[in-house]
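Hi,

Here is the structure I promised to send over. Have a look at it first, and then read on for my notes on what turned up.

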Amino acid sequence: MKVAFQMDPIGPIDIKADSTFRLAEEAQARGHELFYYTPENLAYDQGHITARGQSLSVQREHGAHATLGDMRTVDLADFDVVWLRQDPPFDMFYITTTHLLDRLAPGTLVVNDPFWVRNFPEKLLVLDFPDLTPPTAVARDLATIRAFRDRHGDIILKPLYGNGGAGVFLLKGGDSNLSSLHEMFTGFSREPLIVQKFLPDVSKGDKRVILVDGVAVGAINRVPAEGETRSNMHVGGRAEKVEMTDRDHEICSRIGPLLREKGQIFVGIDVIGDYLTEINVTSPTGIQELERFDGGNIAGAIWDAIEARIAAAA
């Protein structure tokens, strides 16, 4: 197949951890032809969705992990699969790329389905499952946020469309910084904030469960660094091997059918203790860590699901 990757610049990636690299590596091993471009080079041009990029081959060699061809413009309708893999922020630029990629259906399979990526932001889709999540509020109004803290004590406050642990704050019940943080956030953004009851179980780790076409294939535990509340790898979190619990399986069985129905083939959910906190559909990570711990081929399972969908549509 012809496969295009819409992603952030490939040069600086960590080949030991980057999930997009692992997906490209597996595709190449299956004989698929690879093309790479950054989202800035996606365009609509007189009825065609085009991308300016380069042919790609990958190898697991530090400093020489990507071999790129000459820059050229392609019509993405000529491709079998396009991967939507750039990282958030989930801003209007990101949203516009999903509108453009929508136009490739049904001839080209975009993974994950861009219509539902746009309508399933990580921190909002969980609101459809209130019995699985900690107490949560989405608000820009300070009085609403303050009242939420009055009800629940310690809270986590974070940007609604952030990623990688950036801008995540733990506020204790009597913390006097709430007004200042609210002022800071609302001063540079018109977006609401999301606030959740703090879960002390985060000290034991934030579990990343990977689902492939709606089915859980395994999990890793991300443990916060000393003195940190956030467990994201970007801010020093440590990955550990972990087994899925009955509660994890219950959560996946509830959300899995919806993810599969909406074309969300590769999804990473976050679970703290017994609670679902995020459903990551934009650019989830964790493939390589899970493969190292469990010895499976998670990238292969994802490509199996993609190839099955394409075969069924033929």
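Let me start with a pair of strands. Strand 14 and strand 15 run antiparallel and are joined by four bridges. Within that pairing, arginine 222 sits opposite alanine 239 of strand 15. Keep in mind throughout that this is a predicted model.

Two helices pack on the sheet that these strands belong to. Helix 8, covering residues 287–294, touches strand 13, strand 14, strand 15 and strand 16 (266–272). Its direction makes about 95° with that of strand 14. Helix 9, residues 298–313, also packs there, with contacts to strand 13, strand 14 and strand 16. The angle between the direction of helix 9 and that of strand 13 is about 35°.

As for the sheet itself, it is open, with five strands in the order 15-14-13-16-17 and antiparallel pairing. Strand 15 (238–241) and strand 17 (275–280) are the edges, since each pairs on one side only. On average, neighbouring strands are turned by 30° against each other, ignoring direction.

Which peptide bonds are cis? Proline 106 belongs to the loop between helix 2 (92–102) and strand 8 (109–111). Another cis bond joins valine 111 and asparagine 112, and there omega is about -10°. Asparagine 112 is in the loop that runs between strand 8 and helix 3 (114–119).

Glutamine 46 has phi near 50°, and its place is the loop between strand 3 (42–45) and strand 4 (48–58). For aspartate 213, phi is about 55°, again positive in a residue that is not a glycine. Aspartate 213 lies in the loop between strand 13 (206–212) and strand 14 (215–223).

Are these two residues buried or exposed? Glutamine 46 has a relative accessibility of 74%, and the cut-off for exposed is over 50%, so glutamine 46 counts as exposed. Aspartate 213 comes out at 8%, and buried means under 20%, so aspartate 213 counts as buried.

That's what I have for now.

Cheers

Methods
Residues numbered from 1 in each chain as written. Predicted model: local features only at pLDDT ≥ 70, side-chain atom pairs only at ≥ 80, totals over all residues. Heavy atoms only, no water. Buried < 20%, exposed > 50% of the residue type's maximum accessible area, 1.4 Å probe, protein only. Pairing = 2+ DSSP bridges. Axes fitted to C-alpha atoms, helices over the stretch in contact; angles between N-to-C directions. Contact = heavy atoms within 4.5 Å.
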